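Morning, everyone. I have one structure to walk through today. Please bring it up on your screens.

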Amino acid sequence: MAKYDIVVVGAGLAGLSAAIQSQMAGKKTLLIEQHNLPGGCATSFVRGRFEIEPSLHELCDFGPASNPGDIRNILDSYGVKLDWYECPDCFRAITKGSDGELLDVTMPAGVDNFINAMEKEVPGSRESMVKLFELFQEVLDGIAYITASKGNPDSAVLQAEYPDMLRTGAYSTQKVFDALKLPKKAQNILSIYWSYLGVDMNHLAFIHYAAMVHKYVSRGAYIPAHTSHELSNGMIERFRELGGDVWFNCRAEEFLFNGDRLCGVKTNMGTVDCQYVLANINPDIIYGKMMPKELIPEREKKLSAARDGKFGGRMFTAYFCCDVPAEELGITDYSYFLQGSYDSEKEYKNILGGIKTNDYSIFLCYNIANPKFSPEGTCVCSFTTFGSPVDWNDLSQEDYFKFKNQFAKKMLDSLKAKTGIELRGHIEEMEVASPWTFARYLGVPEGSVYGYETSDWDGMMARMQMLGTDYPIKGLRPIGAAGPRGDGYSAAVICGQLMALNALKDLKAEEEGGNA
């Protein structure tokens with residue numbers, strides 16, 4: 001029986017981050033991964049002469065060296081060094097307003113630049129936009145304080161230093177926008193990022209929205225020079241340099257307990273004895289298949305029942321590798337948000353209606369940010385939208401590939417109709433990943449790469465404040481998309497570190513209690 005202090009299950013970004021943090025703290029750490037590569041979504045695949053990025057659009061909260069974000073700081077503290085490209089602008093959005101008028105707007109990075117561009121698009125919006133970004137900053141500072149307190153903030157400090165964060169904490173983003181009297185067109189433009197969190201503006205907690213948007217605008221967005229596979233490889237190499245052990249092609253099958261405390265992991269490669277497990281696995285799978293039912297706390301059963309069916313984004317992504325450069329196709333921007341309207345709640349409901357009503361996608365061309373992304377004279381593009389159970393409830397196995405191609409065709413048609421860009425005739429390689437693809441490779445229910453939907457009562461702030469309550473099983477903490485930060489690349493790295501620090505705190509408390 002192998003023996004370790006901490007076993008991390010799953011080498012996605014949350015698992016990689018947790019493993020490095022645990023090893024750096026002096027704990028003998030084992031990282032196991034059922035695939036033969038690290039990264040989860042943070043990987044790459046090859047078709048013909050092209051290496052393709054499967055999921056990363058851009059990484060927020062990285063920032064330049066002169067204004068580093070949490071992700072740059074964390075990676076620097078880990079000793080992970082990569083080459084990065086900054087993405088031009090925040091986004092270009094093409095859609096129709098409530099009056100049916102076509103709206104085509106590009107918003108730049110940088111707070112002053114963003115506010116100036118908004119004033120140009122929406123004259124008279126400057127004052128309310130300045131107030132909004134001041135509130136964004138207070139929210140960001142407040143979250144940093146709560147994170148530093150490990151879920152136990154001083155209420156007096158919160159009331160004295162972050163009063164507006166507390167005032168907005170229980171409200172949706174839409175209600176805060178209305179309270180700030182933001183012009184409707186400004187609200188429409190600001191709502192573009194809702195899909196990155198997978199929740200419409202009427203149900204998306206303002207605090208969660210504020211934290212993400214401020215990072216994107218104030219620090220810009222970045223991508224690794226060689227796809228997100230470079231990021232996951234860099235992290236796994238650093239973990240090994242620190243002395244950590246990695247077992248690939250290793251599947252965790254059961255968590256073992258001595259009484260009510262975890263004591264090991266049964267895998268397809270043998271049993272591992274350990275003091276603690278950080279599991280990058282959906283909690284429903286842990287509780288349903290991997291541990292004794294009698295040890296599941298009653299609260300966790302109720303929490304799982306309350307979240308039943310409320311999975312976050314189930315991604316549908318189409319990749320197109322073209323035999324001409326981006327400029328020849330008329331592609332001028334890095335990211336295009338293409339949607340039927342600016343009404344996020346309407347778009348969200350249309351997405352849930354399946355392919356017949358879904359008119360939402362995000363189109364990217366990686367070569368705009370990184371001219372060397374693909375072979376000279378070529379470019380790589382992708383479309384991302386959400387899938388819906390409606391799409392697969394009655395879908396036969398025989399119709400699966402036909403349906404994937406139907407979805408890809410709809411995205412190509414939408415791009416041509418809304419931008420005039422036509423990829424057909426220049427597609428050298430293509431691939432389509434459906435929610436089933438992500439379910440198969442990541443082991444997540446229904447392909448829900450976003451874990452549980454972070455809406456209403458189950459938002460990021462509520463989860464952060466329940467850190468001490470939501471993980472009551474001794475020696476075991478789920479991490480990743482289903483964790484307190486929700487999902488996304490930045491959230492995964494932060495969550496992995498946060499949960500590792502809490503595990504280290506738990507172990508220290510046990511040791512001190514035992515010594516006492």
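**Rings, strands and cysteines**

Let's start with the aromatic residues. Ring pairs join F316, W392, Y400, F401, F403, F407 and W436 into a cluster. Keep in mind that this is a predicted model.

How many aromatic pairs are there? The count is 32. Take F403 with W436. Their rings are 6.3 Å apart, centre to centre. The planes make an angle of 80 degrees, and the pair is edge-to-face. Now look at where the two residues sit. F403 belongs to helix 17, residues 400-419. W436 belongs to helix 18, residues 435-442. They are 33 residues apart, so the pair links distant parts of the chain.

Is F403 buried or exposed? F403 has 7% relative accessibility, so F403 counts as buried. W436 has 27%, so W436 counts as partly exposed.

The charged end of K28 sits over the ring of Y4, 4.9 Å from the ring centre.

Next, the strands. Find strand 2, residues 29-32. Which way do its side chains point? T29 and L31 point one way. L30 and I32 point the other way. All four are buried. In general, side chains in a regular strand alternate between the two faces of the sheet.

Strand 2 pairs with strand 1, residues 2-9. The sense is parallel, and there are four bridges. Within that pairing, V9 has I32 of strand 2 as its bridge partner. How does the chain get from strand 1 to strand 2? It passes through helix 1, residues 13-24. This β-α-β crossover is right-handed.

Strand 2 also pairs with strand 9, residues 245-247. Here three bridges join the two strands, and they run parallel. L30 stands opposite D245 of strand 9.

C87 counts as buried, at 3% relative accessibility. C90 is buried as well, with a relative accessible area of 5%.

That's my tour. Over to you for questions.

Methods
Residues are numbered from 1 along each chain as its sequence is written. This is a predicted model: local features need pLDDT of at least 70, side-chain atom pairs count only at pLDDT 80 or more; totals for chains, interfaces and linings use all residues. Side-chain values use heavy atoms; hydrogens and water are left out. Rings of Phe, Tyr and Trp (its six-membered ring) pair if their centres lie within 6.5 Å; planes under 30 degrees apart count as stacked, over 60 as edge-to-face and the rest as tilted. Buried means under 20% relative accessible area, exposed over 50%, partly exposed in between (1.4 Å probe, protein chains only). A charge sits over a ring if NZ of Lys or CZ of Arg is within 6 Å of the ring centre and within 35 degrees of the ring normal. Two strands pair if DSSP finds at least two bridges between them. A crossover is right-handed if, with the strands pointing away from the viewer, the path from the first strand over the helix to the second runs clockwise.
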